[in-house]
Amino acid sequence: MRLLLMGPPGAGKGTQAKFVAEHFGVPAISTGDIFRANVSEGTPLGIQAKAYMDKGEYVPDEVTNLMVRNRIDEPDAAPGFLLDGYPRTLAQVEELDGMIKHTGHQLDAVVVITADPEELVARLLQRAQVEGRADDTEDVIRRRQELYAAETEPLIAVYKERGLVHEVDGMGEVEDVTKRIFDALDVVPQS
Ligand code: ADP
């Protein structure tokens, strides 16, 4: 199973990614999480990424693509993977197409979590108080949303043309959203 989870910042991708990946027995690969782990370990990748992340800008494609390529090459991703937060640009879509084609597989589905933008700002400001993420300040949140709308949202049309997109309403309780995702993917969740 090769899945993508898309949606604006704060839509709940990371939360849902874990449930969905677990159901399919594949790793949930979050580019944001990998970047943050590198930032906290102070690796060269982390130092490079931090400058972009703190401003809410995208890390350059070459850096992100190489990181994802290496992660997908790990043995645990051989049966499949769920990508959360990648691809975000057209160049990343093309790169991912190449990576998947190279393994002789194909992309199975793209789940898009939709949400009301103002609700998302509120959610992220709330999260800032709990997690203290450096990029959860109001200005940076708005920049991340702006970039999502300009650079990433248009990618949904690309995947729609391929007949892969399942749009799911991300508002409401976490369990309800999970259920909507499973319904959309036509799977029976394990209890
Ligand atoms: P969010 O979706 O809420 O903005 P993430 O944790 O997914 O949060 O990503 C945090 C940051 O990591 C992004 O703002 C960006 O700087 C960087 N990042 C994550 N994924 C990508 C990607 N595919 N391309 C470029 N930058 C990325």
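## About the model

The model is predicted, so to speak from sequence alone in its numbering: residues count from 1 along each chain as its sequence is written.

Let's start with the ligand, which 18 residues surround (each with a heavy atom within 4 Å of it). The closest are T31, R36, E57, R88 and R144.

Some polar contacts (pairs of N or O atoms within 3.5 Å) can be picked out by eye. The side chain of T31 has an N or O atom 2.7 Å from a nitrogen atom of the ligand, and V59 brings a backbone N or O atom to 3.0 Å from a ligand nitrogen. For K13, a side-chain N or O atom is 3.3 Å from an oxygen atom of the ligand. On its own the ligand exposes 550 Å², of which the protein buries 96% (accessible areas by the Shrake-Rupley method with a 1.4 Å probe).

## Helix 2 and helix 4

Helices here are DSSP runs of H or I with at least four residues, and strands are runs of E with at least two, numbered from the N terminus. The axes of helix 2 (residues 31–41) and helix 4 (residues 61–72) come within 11 Å and cross at roughly 100°. Axes are lines fitted to C-alpha atoms over the stretch in contact, with angles from 0 to 180 degrees between N-to-C directions. Helix 2 and helix 4 are therefore roughly perpendicular (65 to 115 degrees).

In contact (heavy atoms within 4.5 Å) are T31, I34 and F35 of helix 2 with T64, M67, V68 and R71 of helix 4. They divide into four nonpolar, two polar and one charged.

The axes of helix 5 and helix 8 (residues 154–161) come within 10 Å and cross at roughly 35°. L90, V93 and L96 in helix 5 meet L155, V158 and Y159 in helix 8.

In the loop between strand 3 (81–84) and helix 5 (90–102) you will find P87. The peptide bond from Y86 to P87 is cis, with omega near 0°.

Key:
Predicted model: local features only at pLDDT ≥ 70, side-chain atom pairs only at ≥ 80, totals over all residues. Heavy atoms only, no water. Parallel < 35°, antiparallel > 145°, perpendicular 65-115°, else oblique. Nonpolar A, V, L, I, M, F, W, Y, C, P; charged D, E, K, R; others polar. Polar contact = N/O pair within 3.5 Å; in protein donor to acceptor, adjacent residues only side chain to side chain.
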